[in-house]
Amino acid sequence: MRTVLTRSIAEAAEFIRSGGTVAFPTETVYGLGADVFNVDAVARIFEAKQRPPDNPLIGHISEHGQIDMLAAEISIDASGLIEAFFPGPLTLIVPKTARVPLIATAGLDTIGVRMPSAELAREFLAACGTPVVAPSANLSGRPSPTTWQAVFEDLDGRIDCILQGEATDHGLESTVVDCTIMPPVILRLGSLSIEALRSVVPEIGIHRQDPTLAQRSPGLRYKHYAPNARVVLVDSPSEIGADTGSAYIGLTEPAGEFAETMACGSVEDYAHTVFAFFRKCDKAGIDTIYCQMVSEAGIGAALMDRLRRAASH
Ligand code: TXA
Ligand code: MG
């Protein structure tokens, strides 16, 4: 299959309308989209990514009017979160409509609904004229792509089209909140902070406090966000001996020499860069990446979640 690279929204949307697969940028990471109501197209997403069939997809919408096409029911909490954070880096798990095919939700009777805020994503989704299911546009198990080049690296020849945009704003995926239970529970930490969510629904829980929730978000069972290199977490680069064969990313500028070094100006910057840095290190054949830990406030919580997952493989 030839993968078309384009900057034309109309050209990319035409692939979706005719049952194809298209990678497109959102404010979090690039997604790999297909028409949610086209069973064959959705199947091609799983095939292209080599994604386990029991890992459900998120439905992306361009406007509030499309929510009812995916969601059978919106709780009061969900409705408050929609009002506060749509469009934005938030995915809400809600009961699905009968129209949503089970292949999209991996057999679940719920669906993740998200309205991206990135301008290009919104225009693209509007041009598709249908909600679009989209997981992150990486091969299963690889770090999520934050540039179209990273998508190309993983999926060239496996998908119909890449809508080329800029590097994504946040760099970490959306926050996933299960709204089918009361109070709602965060299944995956992400670009929308816990603090922001709790300003609207104060009693919102976090999955880490409830081990049974691993079942609720199948994606959490799989290897994620991991580079090929071994990831080692450190408090400070001063803990690491001189190591010119390894890489370092963190907030503090290291004194020693590394094969690749990334000193980030802020936690936001760190979150924005970390997946691209992992990919760069893999390309350079680096075997160990030292990552400085950060305080778990704001986006720091999601960043630490991704770093821990990467380090546990
Ligand atoms: O920022 C994002 O969320 C990106 C962009 C493209 O929107 N998408 C993304 O999708 O990260 P993906 O498939 O890589 O991750 C979706 C996560 C997985 O952990 C999946 O298991 C969970 O959301 N999920 C999706 N639908 C679910 C459902 N019905 N119930 C529970 N968890 C669900
Ligand atoms: Mg993913």
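In which sense, parallel or antiparallel, do strands E13 and E14 pair, and over how many bridges? Strand E13 and strand E14 (residues 260–263) pair in the parallel sense over four bridges; two strands count as paired if DSSP finds at least two bridges between them. Strands (E, at least two residues) and helices (H or I, at least four) are DSSP runs numbered from the N terminus. The model is predicted, and local features need pLDDT of at least 70, side-chain atom pairs count only at pLDDT 80 or more, and totals for chains, interfaces and linings use all residues. Residues are numbered from 1 along each chain as its sequence is written, and side-chain values use heavy atoms, with hydrogens and water left out.

The protein has 10 helices and 15 strands. An open sheet with mixed pairing holds 11 strands in the order E1-E8-E2-E3-E7-E4-E6-E5-E9-E10-E11. Its edge strands, E1 (4–6) and E11 (205–206), each pair on one side only. Helix H2 (residues 39–49) packs on this sheet and touches strands E3 (30–35) and E7 (132–133), a contact being heavy atoms within 4.5 Å. The direction of H2 makes about 145° with that of E3; axes are lines fitted to C-alpha atoms, for helices over the stretch in contact, and angles run from 0 to 180 degrees between N-to-C directions.

Strands E2 (residues 22–25) and E8 (residues 161–163) run parallel and are joined by two bridges. The partner of Val-22 in E8 is Cys-161, which is buried at 0% relative accessibility. The closest cysteine sulfur to that of Cys-161 lies in Cys-128, 9.9 Å away, which is too far for a bond. Cys-179 is also buried, with a relative accessible area of 8%. The count of disulfides (pairs of cysteine sulfur atoms within 2.5 Å) is zero.

Of the 313 residues, 57% count as buried. The C-alpha trace spans about 60 × 50 × 30 Å along its principal axes. Residues 24 or more positions apart account for 68% of the contacts with a separation of 6 or more.

Technical notes
Chains lettered and ligands numbered in written order. Buried < 20%, exposed > 50% of the residue type's maximum accessible area, 1.4 Å probe, protein only.
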